[in-house]
Amino acid sequence: HPDQIKPIVKSFMPRSSEVAEAAQILTDAQATSWGPIKHNGRLHDRASYRYYWTILQRARASGLPLPDSVAHLLST
């Protein structure tokens with residue numbers, strides 16, 4: 001039913017804090033040629049980059065604006 005679409009999309013929408021964190025981590029990772037980085041005391045590598053990538057994909061799919069620092073990464 002059409003009335004169910006918005007609640008469903010909203011349930012998959014990441015929080016803005018998640019989008020901001022994903023953007024920062026992926027920006028830092030890109031600056032190090034996708035090597036391991038440390039962010040807020042936690043180590044991140046390619047496995048966690050995939051997780052944060054999906055957060056940005058979910059944000060874009062649900063209509064949230066992406067930070068300029070990562071919008072070009074998902075422009076394809």
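I take buried to mean under 20% relative accessible area. The model I am looking at is a predicted one.

**Aromatic pairs**

I looked for aromatic pairs and found 2 in the structure. I describe a pair of aromatic rings by the distance of the centres and the angle of the planes.

W34 pairs with Y49 in an edge-to-face arrangement, with the centres 5.9 Å apart and 65 degrees between the planes. I then checked where the two residues sit. W34 lies in the loop between α2 (16–31) and β1 (37–39), while Y49 belongs to helix α3 (residues 46–61). They are 15 residues apart, and the pair links distant parts of the chain.

Next I looked up accessibility for this pair.

Y51, at 43%, counts as partly exposed.

**K10**

I turned to K10, which I located in helix α1 (residues 5–12). Its relative accessibility is 61%, so I list K10 as exposed; the cut-off for exposed is over 50%.

I also checked K10 against S62. In sequence they are 52 residues apart, and in space their C-alpha atoms are 7.3 Å apart.

Methods
Residues are numbered from 1 along each chain as its sequence is written. This is a predicted model: local features need pLDDT of at least 70, side-chain atom pairs count only at pLDDT 80 or more; totals for chains, interfaces and linings use all residues. Side-chain values use heavy atoms; hydrogens and water are left out. Helices (H or I, at least four residues) and strands (E, at least two) are DSSP runs, numbered from the N terminus. Buried means under 20% relative accessible area, exposed over 50%, partly exposed in between (1.4 Å probe, protein chains only). Rings of Phe, Tyr and Trp (its six-membered ring) pair if their centres lie within 6.5 Å; planes under 30 degrees apart count as stacked, over 60 as edge-to-face and the rest as tilted.
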